[in-house]
Amino acid sequence: MNTSAPSNVKGPLVTLAAALAAALASSFCCIGPLLYLLFGVSAAGLTALPGLAWLQIPMIVLAVGLMTRGFWRLYLSPHPVCVNIVSLRTLHVLYWMAVPLLLILVSWPYVLPWFMGISE
């Protein structure tokens with residue numbers, strides 16, 4: 001018995017996962033100061049993370065592009081998504097749960113310094 005998801009369902013789920021991974025990767029350059037502040041992690045172990053700053057903009061573009069592709073596949077595509085394993089409603093819920101997560105991951109490096117300035 002084959003229980004793997006059909007390729008038509010795997011497409012939107014893979015796109016959603018890739019968009020979230022790209023959003024998470026775009027925030028790696030700024031995670032060092034946040035970890036240092038919150039958990040007291042030694043700054044010596046985080047010296048390599050600022051070297052990833054050049055990846056931030058390409059990863060943001062990739063994340064937004066993948067989320068746009070996911071929206072197109074779910075709502076605007078002339079070929080409907082085959083939903084043998086996961087219902088279309090579940091895919092819509094997963095998509096709209098991922099959108100705020102993507103926005104948080106993409107915007108927090110820009111919002112955190114503003115928030116830290118207000119809290120002082």
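Helices (H or I, at least four residues) and strands (E, at least two) are DSSP runs, numbered from the N terminus.

**View 1. Overall fold of the predicted model.** The protein has four helices and zero strands, and its elements run α-α-α-α from the N terminus on. This is a predicted model, in which local features need pLDDT of at least 70, side-chain atom pairs count only at pLDDT 80 or more, and totals for chains, interfaces and linings use all residues. Residues are numbered from 1 along each chain as its sequence is written, and side-chain values use heavy atoms, with hydrogens and water left out.

View 2. V64 is part of helix α3 (residues 56–76). V64 counts as partly exposed because its relative accessibility is 41% (buried is under 20% relative accessible area, exposed over 50%, partly exposed in between; 1.4 Å probe, protein chains only).

View 3. A cavity is a set of points, on a 1 Å grid over the protein atoms alone, where a 1.4 Å probe fits but cannot get out; lining residues have an atom within 4 Å of a point. The structure holds one cavity of 30 Å³ or more, and the volume of the largest cavity is about 80 Å³ (the space filled by probe spheres set on the points, which are joined across faces, edges and corners). Its lining consists of P12, L13, L16, M67, G70, L74, L91, L94 and Y95. Helices α1 (7–26), α3 and α4 (88–119) each supply at least two residues of this lining.

Note on methods
On a 1 Å grid over the protein atoms alone, a cavity is a set of points where a 1.4 Å probe fits but cannot get out, and a pocket is an open set with protein on both sides within 12 Å along at least five of seven lines; lining residues have an atom within 4 Å of a point.
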